[in-house]
Amino acid sequence: MTSRTLRTLTVVTATVALCTTAHAAHAVQGDSGRRASGIAGAWARAWNGTDPRALGALFTADGTYTDEAVGITFRGRAEIAGWKARADTLIDGVHVTVRSTRLDGDRITVRAVYSGHLKGAPGSFAVPMTTELDLDRNHCRIVADQDHYSLAAVLTQSGLPADWTPPTP
């Protein structure tokens, strides 16, 4: 074999190896993106559904859910499901409408509209919300959730005073 033939063979082999590696990397990223998009959709469906356990089931056993607007964090699937159950008792028609999602590493950023009608309030609300969902390394479960929305906007749109607090169960 001549050195030119050997060099051509080496270049062809390297090119095939690089193309195969790039295709595999793209396939993995695609699978991860689909799983992440699926988790964001499942998260919204859980909020829009009536079974609080559906929300808790999306999290790791020690996952956390932080509602930044009210300044509270829930830990573990049972507490997270309890938060959804409490929301359902306070808000008629609680609904999350996803506008966009973005996966960056192990984090999904969800831009959405959070809406409903606080029981006893004269009006309903629909406010922009951003949620950050941190995923486990396999992108199968949520490790941490941070919801960001304006409680002041919720109360104003609902026709409630700024110092309103929900009734205790």
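Ile72 lies in strand β2, which covers residues 72-75. The model described here is predicted.

**Surface patch**
- Ile72 has a relative accessibility of 34%, so it counts as partly exposed.
- Together with Val70 and Leu151, Ile72 makes a nonpolar surface patch of about 200 Å².

**Nonpolar core**
- The largest nonpolar core holds 35 residues, and those touching the most other members are Trp43, Trp47, Leu55, Tyr65 and Tyr114.
- At least two residues of this core come from each of α1 (3-48), β1 (59-67), α3, β3 (91-104), β4 (107-118), β5 and α4 (151-158).
- Helix α1 gives the largest share of this core, with seven residues.
- Leaving aside residues up to four places away in sequence, Tyr65 touches Trp43, Trp47 and Leu55, and its other contacts include Ile72, Ile80, Trp83, Asp145 and Asp147.

**Helix α3**
- Helix α3 has 15 residues (76-90), which should span 21 Å at 1.5 Å a residue; the C-alpha atoms at its ends are 22 Å apart, in agreement with this.
- Buried residues of α3 are Gly76, Ile80, Ala81, Trp83, Lys84, Ala87 and Leu90.
- An α-helix has 3.6 residues a turn, so residues three or four places apart point the same way.

**Loop residue His139**
- His139 is placed in the loop between β5 (125-135) and β6 (142-148).
- The phi angle of His139 is near 60°, a positive value in a residue that is not glycine.
- His139 counts as buried because its relative accessibility is 6%.

Methods:
Residues are numbered from 1 along each chain as its sequence is written. This is a predicted model: local features need pLDDT of at least 70, side-chain atom pairs count only at pLDDT 80 or more; totals for chains, interfaces and linings use all residues. Side-chain values use heavy atoms; hydrogens and water are left out. Patches are made of residues with over 30% relative accessible area and no salt bridge: like charges are joined within 9 Å, nonpolar side chains (Val, Leu, Ile, Met, Phe, Trp, Tyr) within 5 Å. Accessible areas come from the Shrake-Rupley method with a 1.4 Å probe; for residues, only the protein chains shown count as cover. A salt bridge is a side-chain nitrogen of Lys or Arg within 4 Å of a carboxyl oxygen of Asp or Glu. Helices (H or I, at least four residues) and strands (E, at least two) are DSSP runs, numbered from the N terminus. Buried means under 20% relative accessible area, exposed over 50%, partly exposed in between (1.4 Å probe, protein chains only). The expected span of a helix is 1.5 Å times one less than its number of residues. A nonpolar core is a set of buried Ala, Val, Leu, Ile, Met, Phe, Trp, Tyr and Cys residues joined through side-chain atoms within 4.5 Å. Contact means heavy atoms within 4.5 Å.
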